[in-house]
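Good morning, and thank you for making time for this presentation. Please look at the sequence and the structure as I display them.

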Amino acid sequence: MHPLVLNKHDLVSVGDAIGNVVLEGKHPRGWWIGFLAGFAMLQVLAISVAWLFYMGVGIWGINVPVAWGFAIINFVWWIGIGHAGTLISAILLLLHQKWRTSINRFSEAMTIFAVMCAGVFPLIHMGRPWFFYWLYPFPNIAGVYPQFRSPLTWDVFAVTTYFTVSLVFWYIGLVPDLAALRDQAQKKWQRILYGLLALGWRGSAIHWRRYEKVYLLLGGLSTPLVLSVHTVVSFDFAVSIVPLWHATIFPPFFVAGAIFSGFAMVVALAIPIRHWYKLEDFFTDHHMDVMAKVMLATGFLVTYGYFSEVWMAWYGHSLYEWGTTIERIFGPYGWSYWCLIFFNCGIPLTLLWSKKVRRSEFWLEVCCISILIGMWFERYVIVITLSRDQVPSSWGRYNPTIWDYATMVGSLGLFFFLFFLFIRYLPMISITEMRELLPKKQGGGGGHSIMENAP
Amino acid sequence: MNVDIPTIVPMVDTTVVPHGPDPDAPKPFAVLAGFATADDLVVATRKAVAAGYTRLDTHTPYPVAETADAIGYPKSEMGAVMLIGGLTGAFAGFFMQYWNNAYGYSLNIGGRPYMSWPSFVPIAFEMMVLTAALSGFFGLMALCGLPRLNHPLFNSTAFDRFSRDQFFLSIEAVDPKYDSAATLAFAATLNPVSVEEVME
């Protein structure tokens, strides 16, 4: 059994170690680099979106066979990244995995920002984004209502729900910590700001009782939610009749890929941040090890998905499926398929077996970045399938333009900008839950993680 | 000459004598006792309940379920709130799609039936999760009386430590057994690290 909190911590030292990061506001050079880089990239997003609104979607490389290019690639990629946060906070909560405590706050914030980045893409791809509210059923004299049998409408509801529920889950978890910050703060503006956000929380016994119940039930609701969201995203493809898209493997395959890339993003961010803020006591090497094992497992699920696609195309004796498979692997975009295999299967599945790699900051970071690139290529490969239709007259090529790349980089900027602001102004590890994990003699709850006794 | 000057005794006493309690004087809200560990608090809560106090509360940095049990708080009603909220959302979401696609704005897509219920399941499910989560959040706030930006307990400077390193028991003045001096004395017997009477 590995300790989840290293060194001798007690209630006060846990509160200080986590809370002072926010309250003292002294930030290491790494924070400034990350924040300013994110801010600069955010300007790229602003410029590219402004130009897009002025000129229209023609500035992108999309064309008739490939009508959705980078927009859907990035949308699916970002939504997938968000999933690790909900997985850690909800599924691991239900499974009584106490190691989730160090990373759940952090990864839930990541979820929210990733879903925001994801939401940008369908919105700006619409061409007339100022009519985005037409996606929702609202009473209007034009008699225009969404088509509820379309997976794209399901997507609207799934992503909106996912964002709202993630926000509620995150904020409810934050309330006791905001109260701790309110009571710990010295500066007046901090007392006012955190006092307002803490909603007058005073740790009352009946409040805790209701709070624990709500938190547990939200975990129970988020678990099917997170699976349903990526399933619905996969329906965007699977409900079509495009060869290799119309596959029953898609929902589980997409969910596994989402967890794979989401965990990679959590670890990729956590490694530098724990270093900068000296939080190794809470986010230990053991945590990295466990996360890497989850990545290894989901990596195999994803690899099975790639195998299954090829196998079903061959075994199913469908000329079109097999033709598209050959096209995908050896066709003009074959390089992207091999990039996918190399980054998603080659690097992580060979390296993550080794305990040395799983506990080495450098090599784990390499694996995580490789997974993030690989999962991006997975969506690229799926989308690029459209460039070879069944009739040669409708064949086409897809080449992203500079504005496609600018929007993608810009969305990364939005993510980093928000994430570094979060680290600056909110506790990135749950103070309450870490205190509960402390041994009784150090003032904690005796190691039972939060929500285990919600009646 | 000695002239006796009689002292004039006014007919009416003009010095202010309070009649009954001063309405502006602070009223006691609770006796607040702080404890160093959760175990001390649990023991103290059980003793206070045994002594006949009924209007108790504890304030802890993390949930200590034993105190809620000792005070006799029932099972949380949040499960029922979220269940009702979620079912309402699921039915409303399903009905919205059914009505829109079958009557309000019916679209014939490939000759499929207007009431094609399997394709309404994803949105009905999402609506269920959404309304259950929102009713959980707003139900929690409503039942707990939050957000409340001021509370008499915040008048105590020691109370700030509930979120830091102390565990508090408050015996509220609305308790029928409450008596400032007696309750303070009782609280002092519970082995606390601090005792005070908090005013409203």
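Let me begin with a question: is Arg388(A) buried, partly exposed or exposed? Arg388(A) is partly exposed, because its relative accessible area is 24%; buried means under 20% relative accessible area, exposed means over 50%, and partly exposed lies in between, with a 1.4 Å probe and protein chains only.

Some conventions first. This is a predicted model, in which local features need pLDDT of at least 70 and side-chain atom pairs count only at pLDDT 80 or more, while totals for chains, interfaces and linings use all residues. Residues are numbered from 1 along each chain as its sequence is written, chains are lettered from A and ligands numbered from 1 in the order in which they are written, and side-chain values use heavy atoms, with hydrogens and water left out.

I stay with Arg388(A) and turn to the salt bridges. Arg388(A) forms a salt bridge with Glu327(A), with 2.9 Å between the closest N and O atoms; the term requires a side-chain nitrogen of Lys or Arg within 4 Å of a carboxyl oxygen of Asp or Glu. This pair links distant parts of the chain, 61 residues apart: Arg388(A) is in the loop between helix 13 (361-384) and helix 14 of chain A, and Glu327(A) is in helix 10 of chain A. Helices here are DSSP runs of H or I with at least four residues, strands are runs of E with at least two, and both are numbered from the N terminus. Glu327(A) counts as partly exposed, at 26% relative accessibility. Arg388(A) also lies over the face of Trp395(A), 4.1 Å from the ring centre. For that description, NZ of Lys or CZ of Arg must be within 6 Å of the ring centre and within 35 degrees of the ring normal. A further case is Arg379(A), whose charged end sits over the ring of Phe254(A), 5.8 Å from its centre.

Over all chains, the structure holds 14 salt bridges. One of them, at 2.7 Å from N to O, is between Arg209(A) and Asp69(B). This pair joins two chains, because Arg209(A) lies in helix 7 (residues 205-238) of chain A and Asp69(B) in helix 2 (residues 65-71) of chain B. Arg209(A) is buried, with a relative accessible area of 5%, whereas Asp69(B) is partly exposed at 48%.

Within chain A, the side chains of Arg328(A) and Glu309(A) meet in a salt bridge of 3.3 Å, N to O. Arg328(A) belongs to helix 10 (residues 319-330) and Glu309(A) to helix 9 (residues 285-315) of chain A, 19 residues apart. Both Arg328(A) and Glu309(A) are buried.

Next, the aromatic residues. The count comes to 66 aromatic pairs over all chains; rings of Phe, Tyr and Trp (its six-membered ring) pair if their centres lie within 6.5 Å, and planes under 30 degrees apart count as stacked, over 60 as edge-to-face and the rest as tilted. Trp78(A) and Phe415(A) form a tilted pair, because their ring centres are 5.0 Å apart and their planes stand at 40 degrees. Trp78(A) is in helix 3 (residues 70-94) and Phe415(A) in helix 14 (residues 402-425) of chain A, 337 residues apart. Both residues, Trp78(A) and Phe415(A), are buried. They belong to one aromatic cluster, whose members include Trp77(A), Phe106(A), Trp170(A) and Trp276(A).

I now move to chain B. Which strand order does the open sheet have? Its four strands follow the order 2-3-1-4, with antiparallel pairing; two strands pair if DSSP finds at least two bridges between them. The edge strands are strand 2 (56-59) and strand 4 (194-199) of chain B, each pairing on one side only.

Strand 2 of chain B is joined to strand 3 (residues 167-172) of chain B by four bridges, and Asp57(B) stands opposite Ser170(B). Strand 1 of chain B pairs with strand 3 of chain B over six bridges, where Gly34(B) faces Phe168(B) as its opposite residue. Six bridges also connect strand 1 of chain B to strand 4 of chain B, and here Ala33(B) stands opposite Val195(B). In strand 1 (residues 28-35) of chain B, seven of the eight residues are buried.
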